[in-house]
Amino acid sequence: MSVLTRDEAQTRAQLIDVHHYRVDLDLTTGDETFGSRSLIRFTARAAGDTFVELKPETLRSARLDDTPLDLTTLDGNRLPLSLTEGEHTLRISTTMRYSRTGEGMHRFTDPTDGESYVYTQLFMEDVQRVFAAFDQPDLKAVFELSVKAPEGWTVLANGITAQQPDGRWQAAPTPLLSTYFVCVAAGPWHTVRTEHAGLPFGIHCRRSLAAHLDADADEILAVTKACYDRYHEKFNEPYPFDSYDQAFVPEFNAGAMENPGLVTFRDEFVFRSAVTVTERQTRAMVIAHEMAHMWFGDLVTLRWWDDIWLNESFAEYMGFQTVNEACSDLFPDTWIDFGVTRKSWGYEADQRPSTHPVAPDPEAVPDTASALLNFDGISYAKGASALRQLVAWLGEDDFLAGINIHFKRHKFGNATLADFIDNLAAATDRDVHAWAERWLRTTGVDTLTPRLEGEGTQWRLHVDRDGSRPHRIRAGIYDRQPDGELALRERLDLDVPQQAPAELTGPRPALVVLNDGDLTYAKLRFDEVSEETALRGLSRIPDPLTRAVVWNALRDMVRDGELAPADYLEVALAHLPEETELALVQGVLGFARTQIADRYTSQEERPAALATIGEIARALLRRTEDGEAPGLRLTAVRACVDSATTPDKIASWLDEGTVHGGPELDPELRWRILARLAVLGATDETVIAAEAERDPSATGQEGAARCRASLPDPDAKAAAWSALFDSDDLSNYLFTATAQGFWQPEQAALVREYVPRFYEAAVALGDRRGPAMAEAAGRYAFPAYAIDAESLALGESHLTSGTMIPALHRKLVDQLDDLTRALNIRTT
């Protein structure tokens, strides 16, 4: 299959103008394939040759105007067209294949009740798996969809749908859309409907999750309405589509997709087990993120994929900011969670060899395959951090004024980075172009360090910068009180680089925190006195967002080899049992468990690291015995399970169906415990099969696959490996679950023989099953716990010999860089 190049897209956009698609889908032809017919009306500005894209199982017919096309000329995914100047009609009829990889038209049969569901994910170039199209974002058109579906199904689409007398479902014509935004979701959905601001709103899930969706429907719809209203306060352009549906769909590869009028979410957001308030907040943020795309991405769309950050960075920033503003009664401060979970994603991505500018040069994104690699921590977290810094520097009023100019000038069209910056510049006297050049066209993370000079009660604060970007920050100046608490003396607004040091009056501060408030994107260090205060008094800092900034600094110090992993764990043991902010507890415990215990400590040191994490978790359990902090208690229970080195305690919880003092075990906790028991060799296939019978859901199937792959048994490992790489029977989710169970630090010797087998197996899998599965293999099936020089050399040799699809290559580059970092930390 040929990927579309930027040059080809520009040439085609100069040649043709696409007006209208009529797409007819037949979903009644069986479980493997479906029928697809496209009628495309377009204009050729001159005579010339081009092509239309499609990836059919069978190409049945193709006709350009009144002339049948030679079907044998289909070359991979391209059907050539020779055009005369003027109006044209292209008719194509195909049979298409359903996918099990979350790409194109994904089909899923629910093991709970046997009901089937299909939905589209057409991002980048997967529309070609569903219908023929001129597949590039700047060839927008009106879409009319008609769908024949099995009896008892409901069909959802970008516009309002209605069932016709002949049984087919007809969707209202859309406004001008890019091809990758077209969406269909069909099946026996469970639906909750309401109306808001004169528009129909709906939320949908598969029937087996109905009770769980109903339990959360009020919250989901309240968040949706609040964000909708807040965006209408921010944006001058009204919501541009005729309805707002949100479908929670099975086996979805991403968190969600911003299809206009029909947002699709992974249905893990329909919580069937207990969750914490931060997990609910994440769902709210994703709702707000996707709604922001209705304006930035859908109403105004990038011209080519080098500007994907314009979509994702904006939606990421707006998602957190809008939930923070519109849903503060439910979620008091979303920026704490952003600082702990999202910014670390950006910092990690930005320090790898695969980093790239937030806004890469067009030449760096020559085709769709390379564009797919930029959906990462740079385009999301770093870009959102850059926009938050831009707002701090520019002021929110000017920022929103520029955004509204952008929407007005380019609505229902396409725009570039240059357009965006010009429109921001039109709303301010500041030099936005220079700011953009230094922030959006560069890579890497600046490091800011405070330096104090003076004596007595007169001090000068210098900010040393390792990097090149300008920063608008606040410096928090803290004094230690007689009772040991840290009190804020003042916050200073500073521009870095400084024209002159900041003057402080009073005794030498006990703690100086740069970027207090977390308004910029930079790694932070401390002066000597402040570092000692931070290590000893972190829990005494009054503001949780400031504590998040300090925890992130300590995390970066571990990753950079400046703070020993064991010392980080001691700081966590000293301060985390007193922490009141759940997002911080989850973030610190997550880093401690998955990075420090699993990667940054040696096999000999690992039991001690797990013991410390377990001690923290037990302290949190003791603190939450009164039931006043259920989210904190649930987090502690999860940490106890994941860090268990002996099976007795967690096995007793599973046998009794409850943790002493609560909570009772729901399916998520039961599978979590059973997976840990499998790793420890304290369960077997009989118990796993019984639990799968107890929970016959899709999540239960994934839990069973994860547990079976985790068993410390040669036959279990051989069966899991064969399922992963010797056949293509696993869906994307079952593949991921099996891969997650396969490699375990406790079983390094058992699986050592598979380490050299991984690379050839993953390359072959990527070639057969495509980028989504290749990315899953690189992310989840990589031997991450084989942290030694031999494994590193093996991986590097495979990167330089032979070829692999770009999605896998990028993931392996990142994994090997993480392996190098882990080796360095272990030996520093």
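**Figure 1. Bridge partners in the strand pair β22 and β23 of the predicted model.** L448 has R465, a residue of β23, as its bridge partner. The two strands, β22 (residues 447–455) and β23 (residues 458–466), run antiparallel and are joined over nine bridges.

**Figure 2. The open sheet of four strands.** The strands follow the order β26-β23-β22-β28, and their pairing is mixed. Because β26 (502–505) and β28 stand at the edges with a single partner strand each, one side of each has no neighbour in the sheet.

**Figure 3. The largest cavity, with a volume of about 70 Å³.** The structure holds two cavities of 30 Å³ or more. The lining of the largest cavity is formed by K343, Y347, N515, D518, A522, K523, L524, V549, N552, A553 and D556. At least two lining residues come from each of α5 (334–350), β28 (523–524) and α12 (544–559). The greatest contribution is that of α12, which supplies four residues. Sorted by class, this lining of the largest cavity comprises five nonpolar, two polar and four charged residues.

Figure 4. Residues S2, V3, L4, E53, N77, R78, M124, E125, Q128, D135 and T368 line the second largest cavity. By class, the lining of the second largest cavity consists of three nonpolar, four polar and four charged residues.

How values were computed. Residues are numbered from 1 along each chain as its sequence is written. This is a predicted model: local features need pLDDT of at least 70, side-chain atom pairs count only at pLDDT 80 or more; totals for chains, interfaces and linings use all residues. Side-chain values use heavy atoms; hydrogens and water are left out. On a 1 Å grid over the protein atoms alone, a cavity is a set of points where a 1.4 Å probe fits but cannot get out, and a pocket is an open set with protein on both sides within 12 Å along at least five of seven lines; lining residues have an atom within 4 Å of a point. Grid points are joined across faces, edges and corners, and a volume is the space filled by probe spheres set on the points. Ala, Val, Leu, Ile, Met, Phe, Trp, Tyr, Cys and Pro count as nonpolar, Asp, Glu, Lys and Arg as charged, and the others, Gly among them, as polar. Two strands pair if DSSP finds at least two bridges between them.
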